[in-house]
Amino acid sequence: MHGRLKVKTSEEQAEAKRLEREQKLKLYQSATQAIFQKRQAGELDESVLELTSQILGANPDFATLWNCRREVLQQLEAQKSPEELAALVKAELVFLESCLRVNPKSYGTWHHRCWLLGRLPEPNWARELELCARFLEVDERNFHCWDYRRFVAAQAAVPPAEELAFTDSLITRNFSNYSSWHYRSCLLPQLHPQPDSSPQGRLPEDVLLKELELVQNAFFTDPNDQSAWFYHRWLLGRADPQDALRCLHVSRDEACVTISFSRPLLVGSGTETLLLVADQSPLIVEWRTPDGRNRPSHVWCSQLCDLPAASLSDQLPQHTFRVIWTAGDAQKECVLLKGRREAWCRDSATDEQLFRCELSVEKSTVLQSELKSCKELQELEPENKWCLLTIILLMRALDPLLYEKETLQYFQTLKAVDPMRAAYLDDLRSKFLLENSVLKMEYAEVRVLHLAHKDLTVLCHLEQLLLVTHLDLSHNRLRTLPPALAALRCLQVLQASDNSIESLDGVANLPQLQELSLCNNRLQQPAALQSLASCPRLALLDLQGNPLCQEGGILDHLAKLLPSVRSILT
């Protein structure tokens, strides 16, 4: 037995570890207590730095202790000579590096380093960039380090081209580097700013084509890595629309002026000012959102009480209304003729203006080639969800109406491949179908929109339907009619039978609504119809096949709840 190493039993090992943990905990608690006592007593000296170092060196995520160190350093700035202070800062930077080696993703440590360098008269930014490069070699997806690098690059005024070259080196080394791809999406708009006349967020075509080639190489190298697919989706993304007044509508019956914009805005806040001029005379009006929420919205109205009666008199041959949007430097004008109940002026928007970027012949050729390649890849990787989704997006970018039928087929395949995201895909499919319907309506210049039997799960782009008078949503999978439905200021007939609707909040505040069909839905309680009381012209309400119709005496109850409705079918 002599000379042999004695091996502890598992019980002895567990007990030794327990005692070790208890000892560390006592030291941890005593040091923490001492720090807080000194802080409370105002004794912010170098001993506090020493005590906090003992704890932060092992646990860099103790945020309060970083606050203590900052308080100490701020106090020592006034007490130390420049030489002493420089030595103190150097030691602090070395300590921070040791903490980052313990936990490279410590929020407190990176934040403290930003704070410290922000107070130095001449920080060594080159050294900080080198530090970032070292940590990114260890973990190229450390988003804390990426955030810090962006901070350093901004402070050091590093040219975006140099940072873009840095992302090139990391992506070349490993395509699966989402942070590098994301950084490119931040740098490219800086390198290629667009003039004010161009839609913001759109890259120059030659740059875009090079990026498409780069990212295509990435996802053909590793089709299952999502990083390149996400970046590719950003490249295909829609540019922000140009500021514009899309439509101006005047209703004599409602004594109401309604306008729609290319983007949501909050009228009356800051520079978002609207001026209404009637027959060359400025009117003081209060603008409201159709749903009454008064938050950023595409559609704004000036209601009955705001317009003088003389402004809508039927004695004059015509009235001219002009709305001026001062922030967007845009205006719209329409003429309400004698005997007419309404008038409007609307832009004839194309699909590029509404929902996608305009494509040149060269870019279309490239995207056609990508679509062909993705279809070939999909044949080899039939269950690659990223490839399937990208095929759908490419077809949307090229021609949403031409590829509509094929797009629906790919959605069906994608849902089978990725059933966990079936609800998201249903909503995305519904969004695309609504966009296509709006485009068809724009081309036909009609005010009737048929969306029945389209398997819709959500309603989008309702701000585009300001002039619609008849809307058919029957035989879909809608669970609610959203508040945004209030944007349909001209809607007279709404058919929403054979859905799964449980809430009617969105039907409130529809001034022209006369007929509402809600057969075979899931309305449970009469209170769900309370919002209909704000529809003054509602005359016909069809509720057959809803659970609430099974209650006794429901017709009398509804007649009291909605006295203005002349016919209620249950």
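Predicted model: local features only at pLDDT ≥ 70, side-chain atom pairs only at ≥ 80, totals over all residues.
**Entry 1: contacts and overall make-up**

I started with contacts (heavy atoms within 4.5 Å): of those in the chain with a separation of 6 or more, 58% join residues 24 or more positions apart. Residues are numbered from 1 along each chain as its sequence is written, and side-chain values use heavy atoms, with hydrogens and water left out.

Next I looked up the secondary structure, and the chain has 17 helices and 15 strands. Both are DSSP runs numbered from the N terminus, helices being H or I with at least four residues and strands E with at least two.

I then checked burial, and 47% of the 570 residues count as buried. Buried means under 20% relative accessible area, exposed over 50%, and partly exposed in between, using a 1.4 Å probe and protein chains only. The accessible surface of the chain is about 28900 Å², and carbon and sulfur atoms make up 52% of that. Those areas come from the Shrake-Rupley method with a 1.4 Å probe, and for residues only the protein chains shown count as cover.

**Entry 2: cysteines**

How many disulfides does the structure hold? I found 0, a disulfide being a pair of cysteine sulfur atoms within 2.5 Å. For C374 the closest cysteine sulfur is in C387 at 4.9 Å, so that pair is too far apart for a bond. C374 is buried, at 0% relative accessibility. I got a relative accessible area of 0% for C99 as well, so C99 is buried.

**Entry 3: strand β6**

I went to β6 (residues 297-302) next. Its 6 residues are buried, 6 of 6, so the strand is largely enclosed by the rest of the structure. β6 pairs antiparallel with β2 (residues 256-265) over 5 bridges; strands pair if DSSP finds at least two bridges between them. In that strand, S297 is the bridge partner of L265. β6 also pairs antiparallel with β5 (residues 287-288), over 2 bridges, and here R288 stands opposite C301.

**Entry 4: a four-stranded sheet**

Last, I traced an open sheet of 4 strands, ordered β4-β3-β7-β8 with antiparallel pairing. Which strands stand at the edges? They are β4 (281-283) and β8 (330-337), each with a single partner strand, so one side of each has no neighbour in the sheet. Neighbouring strands of this sheet are turned by 25° against each other on average, direction ignored. Axes here are lines fitted to C-alpha atoms, for helices over the stretch in contact, and angles run from 0 to 180 degrees between N-to-C directions. β3 (residues 274-278) pairs with β4 antiparallel over 3 bridges, and L276 has L283 in β4 as its bridge partner.
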